Amino acid sequence: MNFTTRPEIAGTFGVATSTHWIASAVGMALLEKGGNAFDAAVAMGLVLNVVEPHLNGPLGDLPLIFCPAGADAPTVICAQGVAPAGATIAHYKAQGLDLIPGSGMLATVVPGAFDGWMLLLRDHGSMTLREVLEPAIHYAEAGHPLLPRVTATIAGLADFFRDEWPTSAATWLPGGKAPEAGRLFKNPDLAATWRRLLDEAEAAQGREAQIEAARGAFYKGFVAEAIDAWVRQAEVMDAAGGRRKGVLTGDDMANWQASYEPPLSVDYGDWTVFKTGPWGQGPTLLQSLRILEGSGIADMDPAGPEFVHLITETMKLSFADREAYYGDPDFCDIPMDTLLSRGYAATRRAQIGAAASLEQRPGVIEGYGAQAAAAIRRGAMTPEAGPGAGAGEPTMAHLSEKRGDTVHIDVIDQWGNMVSATPSGGWLQSSPVVPGLGMPLNSRAQMFWLEEGLATSLAPGRRPRTTLSPSMANLDGRPALAFGTPGGDQQDQWQLIFFLRLVHQTRNLQEAIDAPLFHTAHFQASFYPRATRPGHLMIEPGFGAATIEELRARGHDVEVAEPWSVGRLTAAQRGAGGLLRAAATPRLMQAYAVGR
């Protein structure tokens with residue numbers, strides 16, 4: 001038997017796995033009380049807002065894939081908010097910007113996460129708003145043991161909060177100083193916000209009516225009013241080093257709602273993998289699977305240089321296409337049929353050689369030459385971050401504590417309902433706390449470009465091309481697997497490696513997650529200041545010296561990470577006979593899978 005850092009959880013009643021043990025335990029507790037996977041996921045998401053505030057918040061973003069028991073394929077909930085009506089390229093250029101800052105008021109889109117959770121709860125959950133919200137209220141009000149990474153993040157920004165974001169200082173610096181790791185930390189303003197929301201919602205009669213009332217209070221009532229008033233008067237320091245006012249209004253919030261849409265998918269052997277549309281980066285995983293079909297990847301040593309090289313070069317091509325062609329399909333024509341076709345994949349596969357490519361190489365698609373040329377031009381930029389806070393999103397602990405990241409949730413219940421969700425944004429580094437609400441705004445607008453004519457050009461009502469990327473997969477036509485990870489541009493890289501290992505090397509979820517990981521930052525970063533690192537390859541030392549040296553010999557700019565420092569995967573699976581399994585990464589010592 002191969003050693004794993006933790007047992008693979010197995011049972012028949014239910015499994016819940018996430019990037020924080022408290023959230024996983026809360027999800028399991030709701031399953032024990034008779035709730036379904038949708039109830040559990042909502043409660044987990046709201047708790048993660050509290051216990052991982054450096055990674056996500058209620059005013060953030062949410063892509064979610066769910067599959068009700070008995071369905072043949074999953075559905076996507078898009079709770080990725082859109083650019084405000086005042087978010088025009090001309091306005092941002094007039095502020096002296098060439099790039100949208102990674103923090104501050106101009107980085108904000110309509111907060112989407114809360115409405116996405118409420119849509120899932122209303123239509124597919126079984127519990128009341130109070131039942132799913134009370135755990136989050138408890139941990140905000142009574143306190144939770146603060147993660148060392150949260151403490152480090154707050155400590156690194158303490159002076160900035162005091163000098164520039166005093167509302168954040170009031171929330172994150174109790175008693176005027178950074179909190180201690182492991183001590184109970186409270187957010188009374190957030191708890192009060194949720195209590196008022198409950199009070200207003202419960203004035204309505206019936207479960208669905210109360211959920212609708214909560215949506216109204218959030219997007220048209222006191223929450224939206226507080227945000228509107230704050231944004232109109234606040235002029236705060238951002239990541240580009242300037243004090244600027246925002247453009248988000250209460251009307252922007254009132255005129256938007258989360259929505260359902262079908263996923264994109266490709267077949268890979270006996271599996272079918274499902275991702276969000278091209279408003280997220282998820283299709284890069286699908287493109288990569290297409291390229292790797294017939295490549296011999298199944299027979300390669302999973303710790304060998306050929307395995308790492310082939311996957312890295314494949315991802316460079318898929319992510320180059322992301323930069324050239326992906327965006328909000330409601331606003332532009334995205335050639336997804338071509339990008340996911342086997343013929344196009346064969347052309348791309350032929351571009352992979354024995355040496356590492358140092359070029360940005362979007363594929364050639366007739367009629368889209370201008371987008372490809374623009375992506376190559378942008379890839380030659382060498383931007384530097386400004387002096388403000390909140391530049392970008394880290395891949396893991398080996399990058400700055402001053403940046404935000406993401407969380408992930410996978411749940412399967414006894415009936416076979418499944419959820420995979422990747423909430424993010426609205427982290428404590430993104431924007432000052434909105435007075436009285438205990439929560440900051442998001443910074444997802446930084447993924448737009450201030451250049452006309454692109455699929456990712458800033459425009460009112462348009463979704464930013466997010467990195468957030470939950471996954472679901474069918475096996476032999478049956479819904480079987482929910483998986484995902486935080487990590488910005490690395491999400492679909494780590495997920496691809498995990499999935500290939502699960503399909504070709506081991507059926508044990510924990511073993512597939514424990515195995516050493518790698519990723520590349522070769523392509524254009526999604527986060528401010530949007531840098532590229534041609535040829536870059538970060539790899540965990542568990543691959544061994546011989547593999548690492550061979551990769552260097554092939555021309556990769558290898559950066560050896562600290563042991564156990566790359567990737568934050570979680571996964572849950574349901575077998576044909578109803579056996580449930582789940583696993584979570586040991587990396588960062590936070591994520592946990594529970595079940596029975």
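Predicted model: local features only at pLDDT ≥ 70, side-chain atom pairs only at ≥ 80, totals over all residues.

Colleague: Which helix do the buried residues of helix H16 pack against?

Modeller: Helix H16 spans residues 369–379, and its buried residues are Ala-372, Ala-374, Ala-375, Arg-378 and Gly-379. Seen down the axis of H16, they fall within an arc of 160 degrees, so they line one face of the helix. The partner that these buried residues pack against is helix H13 (305–325).

Colleague: And what do the buried residues of H15 pack against?

Modeller: In helix H15, residues 342–349, the buried ones are Tyr-344, Ala-345 and Arg-348. Viewed along the axis of H15, these fall within an arc of 100 degrees, so they too line one face of their helix. Their packing partners are helix H12 (283–292), H13 and helix H14 (336–339).

Colleague: Now the second largest pocket: which element gives the largest share of its lining?

Modeller: That pocket has a volume of about 290 Å³. Its lining has 21 residues, with Ala-170, Thr-171, Pro-174, Phe-185 and Lys-186 nearest the centre. The elements that contribute two or more residues to the lining are helix H7 (166–172), strand S6 (184–185) and helix H8 (188–201). The largest share, three residues, comes from H7.

Colleague: How many nonpolar, polar and charged residues are in the lining of that second largest pocket?

Modeller: The lining is made up of 21 residues in total. Sorted by class, the second largest pocket has five charged, five polar and, as for nonpolar residues, 11.

Colleague: Is Asp-228 buried or exposed?

Modeller: Asp-228 sits in helix H10, residues 222–233, and its side chain makes a polar contact with the side chain of Arg-232 at 2.5 Å. Leaving aside residues up to four places away in sequence, Asp-228 touches Thr-249 and Gly-250. Buried means under 20% relative accessible area. Asp-228 has 16% relative accessibility, so it counts as buried.

Notes. Residues numbered from 1 in each chain as written. Heavy atoms only, no water. Buried < 20%, exposed > 50% of the residue type's maximum accessible area, 1.4 Å probe, protein only. Helix = DSSP H or I, 4+ residues; strand = E, 2+ residues; numbered from the N terminus. Arc of directions from axis to C-beta. Contact = heavy atoms within 4.5 Å. 1 Å grid on protein atoms, 1.4 Å probe; cavity = no way out; pocket = protein on both sides within 12 Å on 5 of 7 lines; lining within 4 Å. Points joined across faces, edges and corners; volume = space filled by probe spheres on them. Nonpolar A, V, L, I, M, F, W, Y, C, P; charged D, E, K, R; others polar. Polar contact = N/O pair within 3.5 Å; in protein donor to acceptor, adjacent residues only side chain to side chain.
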